[in-house]
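Let's walk through this protein together, one stop at a time. Have a look at the chain below before reading on.

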Amino acid sequence: MSILEVLTYPDRFLGQPTKAVENIDGKIQKIIDNMAETMYDAPGAGLAAIQVGFDKSIIVFDSLPGETEKSLQVLLNPKILESDGEIISENEGCLSVPDFTSDVKRPSLVLVEGIDREGNPLQIEAEGYLAIVLQHEIDHLNGILFIDRISSLKRELYKRRIKKQLRKK
């Protein structure tokens, strides 16, 4: 297994929607394994394939982040079927948006469907933190970063800071 490079804003690849996984072959299994290793190494709570340069609809996440026991979950072609309620995701961050966190308003409950790494259909009813993680990662698959969901003022301040850093390099 390998640690993959995580793409960061303003990489344009992050803004592209991903393609559905049609065939779960050895290449897809290897991507999943490498994504899991990358997520745990970072450390992060979740990771979408687009963040590591693959335009496939794959997310990995840990349903028990921060615990000593790992609970790796894999979802291919995930879609949010239903959402309800409202929660503020406090200090939401992202491996692709380094050194920045912000509060993000999201639904507090979601019903997500997809398939697992063996191709079995899966539905996940999630609330609270897990609902936030799923929404965040599925957003990535649709070309949306969490900074696209914050106020335009905060987003512009972050973009200016990144542009300034890039000019210094």
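**A guided walk along the chain**

Helices (H or I, at least four residues) and strands (E, at least two) are DSSP runs, numbered from the N terminus. Before going further, note that this is a predicted model, in which local features need pLDDT of at least 70 and side-chain atom pairs count only at pLDDT 80 or more, while totals for chains, interfaces and linings use all residues. Residues are numbered from 1 along each chain as its sequence is written, and side-chain values use heavy atoms, with hydrogens and water left out.

How confident is the predictor? Its confidence in each residue is called pLDDT and runs from 0 to 100. The protein chain has a mean pLDDT of 94, and 98% of its residues reach 70 or more. Confidence is highest in strand 6 (residues 109–115), at 98, and lowest in helix 3, at a mean of 88.

Back to the backbone. Most residues other than glycine have a negative phi, and most peptide bonds are trans. Asn-77 has a positive phi of about 50° although it is not a glycine. Is Asn-77 buried or exposed? With a relative accessibility of 19%, Asn-77 counts as buried, since buried means under 20% relative accessible area, exposed over 50%, and partly exposed in between (1.4 Å probe, protein chains only). Asp-99, in strand 5 (residues 97–106), is not a glycine either, yet has a positive phi of about 60°. Asp-99 counts as exposed, at 70% relative accessibility.

Now for the peptide bonds. Tyr-9 and Pro-10 are joined by a cis peptide bond, with omega about 15°, and Pro-10 belongs to the segment before helix 1 (26–41). Another cis peptide bond links Ala-42 to Pro-43, with omega about -15°. Pro-43 is in the loop between helix 1 and strand 1 (46–48).

Finally, let's visit the charges on the surface. Glu-82, Asp-84, Glu-125 and Glu-127 form a negative patch. Strand 3 (72–84) and strand 7 (121–127) each give two or more residues to this negative patch. A positive patch brings together Arg-160, Lys-163, Lys-164, Arg-167 and Lys-168. Lys-168 lies in helix 3 (residues 152–168) and is exposed, with a relative accessible area of 69%.

Technical notes:
Patch = residues over 30% accessible without salt bridge, like charges linked within 9 Å, V, L, I, M, F, W, Y side chains within 5 Å. Areas by Shrake-Rupley, 256 points an atom, 1.4 Å probe, with all protein chains shown as cover. Salt bridge = Lys/Arg side-chain N within 4 Å of Asp/Glu carboxyl O. Lys, Arg positive; Asp, Glu negative; His and termini not counted. Charge placed at Lys NZ, Arg CZ, Asp CG, Glu CD. pLDDT = per-residue confidence, 0-100.
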